[in-house]
Amino acid sequence: MYTGKGIGVAVLDTGIFPHIDFGSRISVFRDFTGVRRSPYDDNGHGTHVSGILAGDGTASGGKYKGAAPGCSIAALKVLDRFGNGSREDVMRAFRWIMEFGSIYHIRIVNISVGTTSRDHKEQTDLLEGVEKLWDLGFVVVAAAGNQGPGAGTVTAPGSSRKIITVGSSDLLTGRTAISGRGPTFECICKPDLVAPGNHILSCASGPDNGYGVKSGTSMSTPQVSGAAALMLEKNPELTNVQIKMKLKECARDLGLPKNQQGWGELDLGHLMRSV
């Protein structure tokens, strides 16, 4: 039974509340938006994303578990209480991962964040930042964004050619079709794959150690990051490129256009058998 034990995942988000479901697995917390040293989340988004990734279900008697309940979390707060952030703070977090990633055994970077800015420099900086991390060997997983269903609505840095971009399988069609879709500005087919993202229950920020429901590609992304953590626990020698190719080979085709579903939906059972 793989849980992602020994694998560190950096979560760039609104922070993290030390929910009981994370146990002692928050390996480090850094606040790039302010000066606070102990973990906090004044928005709730980061805690929810981290729960989908790594919650172990303690508060629910094991009922609500994340994808990789044994992995450790490097919680990097790059967004404020409104969910807004600056390019500078995100870039500082990228540099921090490059410098300190090995200390905290970080193999995966989860970015459930995307810019809707049309500022070319902002997009270019973010794309260069994630691609540098990818080139250093990190498995970078980013959300496709919730600007769909129009073409060309994948947000940066999910629009990067190299990294793994995740859309929401249940937010692709009908009235809830908000999952970002390609092609990107550079005519790249995106997302790479999809996972459920509609009405996902996960850890809530607050002293009662409760749970809450959120929807969006932000909720789909940590499922793929968690799958990567399980793969790396089973086979630590896997490279980020090999992980991306296995995700491609094992995805379940939903019969939708490639710029909508990518290779298809995450199929964890098939994926783990392939490792």
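Student: What should I know before I start?

Tutor: The model is predicted, so local features need pLDDT of at least 70 and side-chain atom pairs count only at pLDDT 80 or more, while totals for chains, interfaces and linings use all residues. Residues are numbered from 1 along each chain as its sequence is written, and side-chain values use heavy atoms, with hydrogens and water left out.

Student: How is a pair of aromatic rings described, and how many aromatic pairs are there here?

Tutor: A pair of aromatic rings is described by the distance of the centres and the angle of the planes. Rings of Phe, Tyr and Trp (its six-membered ring) pair if their centres lie within 6.5 Å; planes under 30 degrees apart are stacked, over 60 edge-to-face, and the rest tilted. The count here comes to 4 aromatic pairs. One of them joins Trp96 and Phe100, a tilted pair with 5.4 Å centre to centre and 40° between the planes.

Student: Where do Trp96 and Phe100 lie?

Tutor: Both sit in helix H2 (residues 87-100), 4 residues apart, about one turn of the helix. Helices here are DSSP runs of H or I with at least four residues, strands are runs of E with at least two, and both are numbered from the N terminus. Trp96 also pairs with Tyr104: the centres are 5.7 Å apart and the planes are at 20°, so this pair is stacked.

Student: Is Trp96 buried or exposed?

Tutor: Buried means under 20% relative accessible area, exposed over 50%, and partly exposed in between (1.4 Å probe, protein chains only). Trp96 is buried, at 6%. Phe100 is partly exposed at 28%, and Tyr104 is partly exposed at 25%. For an exposed residue, look at Pro207, with 78% relative accessibility, in the loop between strand E8 (200-203) and strand E9 (211-214).

Student: How many salt bridges does a search of the whole structure find?

Tutor: A salt bridge is a side-chain nitrogen of Lys or Arg within 4 Å of a carboxyl oxygen of Asp or Glu. The search finds 9 of them. In one, Arg87 meets Asp125 at 3.6 Å, N to O. That pair links distant parts of the chain, with Arg87 in helix H2 and Asp125 in helix H3 (residues 120-135), 38 residues apart. Asp125 is buried, at 15%, and forms a salt bridge with Lys121 too, the closest N and O atoms being 3.1 Å apart. Another salt bridge joins Arg252 and Asp267 (3.9 Å, N to O). Salt bridges that share partners join Arg87, Glu88, Lys121 and Asp125 into one network.

Student: Which side chain of opposite charge is nearest to Asp31?

Tutor: Lys and Arg count as positive, Asp and Glu as negative, and His and the chain ends are not counted. For Asp31 the nearest is Lys77, 5.5 Å away; Asp31 is buried yet has no salt bridge. Asp31 lies in strand E2 (residues 26-31).

Student: What polar contact does the side chain of Asp31 make with another side chain?

Tutor: A polar contact is a pair of N or O atoms within 3.5 Å; within protein, one must be able to donate a hydrogen and the other to accept it, and residues adjacent in sequence count only if both atoms are side-chain atoms. The partner of Asp31 is the side chain of Tyr40, at 2.9 Å.
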